[in-house]
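Opening the notebook on a new model today.

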Amino acid sequence: MKVCLQTYGCQMNKLDTALVEVALTNNGYMLTDSVKDADVVIINTCSVREHAEQRVRSHLGHLKHIKQHKADLVVGVIGCMAQRLGAELLDDGVVDIVCGPAQIPQIPDLIAKTLREKQKALAITDQIRKPTPPDQADALEEFETIYGPEEKTLPSQAYIRAMRGCDKFCSYCIVPYVRGPETSRSPQAIIAQAEKLADTGTKQITLLGQRINAYEYKAGDKTYCLADLLEMLSQIDGIEWLKFVTSYPSEKYYDRILRAMADLPKVCPYLHIPAQSGSDKILKAMNRGYTATQYLDLLAKARQIVPGITLAGDFIVGFPCETDDDFQETVALVKEAQYKSCFVFKYSPRPGTTADKRLEDTVPLEIKKQRNYKLLEVQEKISDRLSKKFLGQTVKVLVEGPSKKPHLNLAEGKNYPQLVARTATDYIVVFNGPTSLAGQFTTVKITKTSPLTLFAKLE
Ligand code: SF4
């Protein structure tokens, strides 16, 4: 039996897909990239933006067409869209399995049952904001513990989920309604997973959480925060770089985490810390819980405690009632923040969120597009200036592997294929080198730059 897995959305979804892949291969399935060759197609979906859901719907339309000639094809939808839409997804005849994020341990059984009994299957959480029932929490933990250490997204790199869910309820965000309450995994489980990964050659671990800096695990009298976790992970031989995403702008544990970054050589000096807007009025409507000044103070503190830290941000433009003046405040914040890079998204209302229920989507699409373009333009100039500082420098990088999109003639050393690597501060570096370097640390000299990429030659 061949399974084709496809993923939309964030790193958390990619990790879920990777775990499902390992679980299915361990259950005797073969993986294929081709929908045409597959007996089962599983789509891991994202609900964070309307566009992501539209792409899944259009893909389902394509699969419906294939199913007309291949009636036995089993189609499963897992992830956030499965949890959000539930049984509705089963209605138009193409989808056979709907499985929410909390039910992914059931996927091998759901597929086997659907193939055997030719019946549709639905496995989602009924009351998503209630604490996860112990049997379900145990199943998720077991799934992660068994299959996590085998997952390797890139050579020598692995992601470990430190937290599930979110309790923050930003007014535009669907995550708390599809991923459930915030829970932190035990440090012991995370450390055990990291040790196994180190034993099989992992050099870099990235901890994942929707608000990773809110990590908090109580055991007896002791409360572990992210700084404790980083300290414990730092002691594992073989693990050389530790990263974590995504950070939420908040004071709690902030200093401790930054001090861990400054004091522990393995913790990479990089913080992805979305601001979302530079207007206090919009931040309040987003329920973000901070002002632009407080946010910038957090960035200043990061730079003070961790000299040389690199920062990245996220923004939503065109949020309900965002005026030109509000947008100019966002532009001013981006100029002040001096991010290495930032992602900019056009607001799209998500059904079920507070913003969708209470605020009218007032900003026309054309204005959203203009603001998106303008903000990226401002950021590009900043990124370009910051990248140029690397010219002539020798930097240590962890090599990911051959470049999928060759950057012709820009890297040096043309006898070799083009490789992609990253610095500890998350800069992308492209250079020509032997593919045997994939998964290895090496040093390269930066010879050219563009806003988002550094070009180098092997030292
Ligand atoms: S912190 Fe806010 S934006 Fe991030 S996942 Fe939670 S609710 Fe969504």
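Here are my entries, in the order I looked things up.

**Ground rules.** I am working on a predicted model, where local features need pLDDT of at least 70, side-chain atom pairs count only at pLDDT 80 or more, and totals for chains, interfaces and linings use all residues. I number residues from 1 along each chain as its sequence is written.

**Domains.** I found the protein divided into domain 1 (2-123), domain 2 (152-263), domain 3 (269-388) and domain 4 (394-458); such bounds come from an automatic or database domain assignment. I then looked up domain 3 and domain 4, whose C-alpha centres lie 30 Å apart. Their contact takes eleven residues from domain 3 and nine residues from domain 4 (in contact: C-beta atoms, placed from the backbone, within 7 Å). On the side of domain 3 that touches domain 4, β15 (310-317) and α14 (365-388) are the elements giving two or more residues. I noted that α14 gives the most, with five residues. Helices here are DSSP runs of H or I with at least four residues, and strands are runs of E with at least two, numbered from the N terminus. By class, I get three nonpolar, four polar and four charged residues on that side of domain 3 (nonpolar is Ala, Val, Leu, Ile, Met, Phe, Trp, Tyr, Cys and Pro; charged is Asp, Glu, Lys and Arg; the others, Gly among them, are polar).

**Barrel.** I traced a closed barrel of five strands, β17-β18-β19-β21-β20, with mixed pairing; strands pair if DSSP finds at least two bridges between them. Neighbouring strands of this sheet are turned by 55° against each other on average, direction ignored. I checked β18 (residues 418-422) and β19 (residues 428-432), which pair in the antiparallel sense over five bridges. In that pair, Gln418 stands opposite Asn432 in β19.

**Helix pair.** How do α7 and α8 pack? I read an angle of about 30° between α7 (residues 187-199) and α8 (residues 226-234), with axes 10 Å apart (axes are lines fitted to C-alpha atoms, for helices over the stretch in contact, and angles run from 0 to 180 degrees between N-to-C directions). That makes α7 roughly parallel to α8, a label for angles under 35 degrees. Pro187, Ile190, Ile191 and Ala194 in α7 meet Asp228, Leu229, Met232 and Leu233 in α8. I logged this contact as seven nonpolar, no polar and one charged residues.

Most residues other than glycine have a negative phi, and most peptide bonds are trans. I flagged a cis peptide bond joining Val245 and Thr246, with omega about 0°. Thr246 sits in the loop between β13 (241-245) and α9 (254-263). I also flagged Lys118, not a glycine, for its positive phi of about 50°; Lys118 is in the loop between α4 (107-117) and β6 (121-123).

Definitions and conventions: Two residues are in contact if their C-beta atoms, placed from the backbone, lie within 7 Å. Angles under 35 degrees count as roughly parallel, over 145 as roughly antiparallel, 65 to 115 as roughly perpendicular and the rest as oblique.
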